[in-house]
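Below is a report on one protein model, written for a reader who has the sequence and the structure to hand.

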Amino acid sequence: MTVSGDLPRGVTGVHALPAGHHDGPWDSIVVPDGTRERLLGTALVSMLHGRRLSALPAAASPSGLIVLAGPPGTGKTTLAQGLAQAAALAVAQHGATTLIEVDPHAMPSEMLGESQRNVVRLLRDHVPQLAGSRPHVIVVIDEVESFAMRRSLASFETNPVDVQRATDAVLAGLDHLATALPGAVIVTTTNFVSAVDEAFLSRADLVIELGLPGPDARARIMEMALSDLALSWPSLSDLASDPALHKEVAGLTEGWDGRRLRKLPLAVLGSDPALARDPESLTARRLRDAAAWGRSEPA
């Protein structure tokens with residue numbers, strides 16, 4: 001992993017995959033059936049066949065761009081990071097993968113034109129350089145709407161000329177990256193897909209919108225959260241293996257996102273110093289009461 005102090009602006013991490021400490025996220029997010037298969041399959045088409053397919057007309061060849069959209073707390077970033085490890089494992093026999101993590105909030109600038117230059121440097125220069133000699137590269141960009149803003153939404157308060165130039169730079173940078181590194185995969189997340197530029201979305205090989213979990217998914221999330229705690233406090237395995245409890249909690253938590261739901265057992269432990277000292281005294285009743293109370297509280 002590259003030391004953060006040596007990284008170019010906007011890049012928060014560079015990792016060599018597969019790596020054992022990146023295991024876990026791919027299986028820890030509850031998503032609709034087929035979601036993982038579509039994500040992994042789309043990534044592998046680019047990673048394994050990108051160079052061959054780059055000979056096709058631009059409109060037919062893969063861009064390597066994947067967009068994960070949905071409300072906060074639906075697991076987009078965790079899923080993106082998990083995809084990177086899963087894809088790296090799938091292509092490991094062909095060589096290692098470089099994972100580059102980007103924080104787009106470090107890219108914009110109040111100086112006219114500087115946002116454009118930052119994006120150009122990132123996609124045209126830094127990403128190819130950071131990819132190094134490894135045969136595969138995956139770039140993860142969170143909240144991509146912050147630098148691929150829908151140009152029709154720009155106002156004079158946000159400097160529409162700079163927004164236009166920055167978004168144009170993103171599109172040109174993606175096209176350049178597809179040429180310079182055929183087979184590269186760019187996984188982006190957004191909380192507001194309606195704020196992402198139409199031309200950016202049209203370049204994507206796959207756009208997946210993740211919604212708030214339904215009752216079955218919420219029950220599964222509660223089971224997983226309690227199972228995780230039971231690894232440290234084995235007596236909680238009774239709660240983790242109680243499907244009636246999981247279903248009841250799911251019924252009380254309609255409208256909750258997955259992150260909030262996974263933290264419910266910890267929130268209960270933190271609500272009482274006695275529970276915090278002795279987590280094994282957590283009861284089903286305390287979970288039900290907290291879920292019911294949470295229905296009247298803002299998310």
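## Two helix contacts

The crossing of helix 7 and helix 9 is right-handed, a word used where the near helix is turned clockwise from the far one by less than a right angle, left-handed being the anticlockwise case. The model is a predicted one, in which local features need pLDDT of at least 70 and side-chain atom pairs count only at pLDDT 80 or more, while totals for chains, interfaces and linings use all residues. Residues are numbered from 1 along each chain as its sequence is written, and side-chain values use heavy atoms, with hydrogens and water left out.

Helices (H or I, at least four residues) and strands (E, at least two) are DSSP runs, numbered from the N terminus. The protein has 13 helices and six strands.

Helix 7 covers residues 215-232, and its axis lies 8 Å from that of helix 9, at an angle of about 125 degrees. Axes are lines fitted to C-alpha atoms, for helices over the stretch in contact, and angles run from 0 to 180 degrees between N-to-C directions. Helix 7 and helix 9 are therefore oblique to each other. Angles under 35 degrees count as roughly parallel, over 145 as roughly antiparallel, 65 to 115 as roughly perpendicular and the rest as oblique.

Helix 9 (residues 243-252) also packs with helix 13 (residues 284-294): their axes come within 8 Å and cross at roughly 15 degrees. That angle makes helix 9 roughly parallel to helix 13. This crossing, too, is right-handed.

The table gives the residues on each side of the two contacts, where contact means heavy atoms within 4.5 Å.

| Helix 7 and helix 9 | Helix 7: Pro215, Arg218, Ala219, Met222, Glu223, Leu226 | Helix 9: Leu245, His246, Lys247, Val249, Ala250 |

By class, the contact of helix 7 with helix 9 has seven nonpolar, one polar and three charged residues. For helix 9 with helix 13, the division is seven nonpolar, no polar and two charged. Here Ala, Val, Leu, Ile, Met, Phe, Trp, Tyr, Cys and Pro count as nonpolar, Asp, Glu, Lys and Arg as charged, and the others, Gly among them, as polar.

## The nonpolar cores

Of the 299 residues, 46% count as buried. Buried means under 20% relative accessible area, exposed over 50%, and partly exposed in between (1.4 Å probe, protein chains only). A nonpolar core is a set of buried Ala, Val, Leu, Ile, Met, Phe, Trp, Tyr and Cys residues joined through side-chain atoms within 4.5 Å.

The largest such core has 31 residues, and Val139, Phe147 and Phe200 have the most contacts inside it. Elements that give two or more residues to this core include strand 1 (11-17), helix 4 (114-131) and helix 5 (160-180). A second, separate core has 27 residues, among them Ala19, Leu68, Leu83 and Val91.

Valine 127 lies in helix 4 and counts as buried, at 1% relative accessibility. Beyond its neighbours within four places in sequence, valine 127 is in contact with Ile100, Leu122, Val139, Leu177 and Leu181.

## Two loop residues

Proline 18, in the loop between strand 1 and helix 1 (25-28), is joined to leucine 17 by a cis peptide bond, with omega about 0 degrees. Glutamate 143 is in the loop between strand 4 and helix 5. Its phi is near 50 degrees, a positive value in a residue other than glycine. At 30% relative accessibility, glutamate 143 counts as partly exposed.
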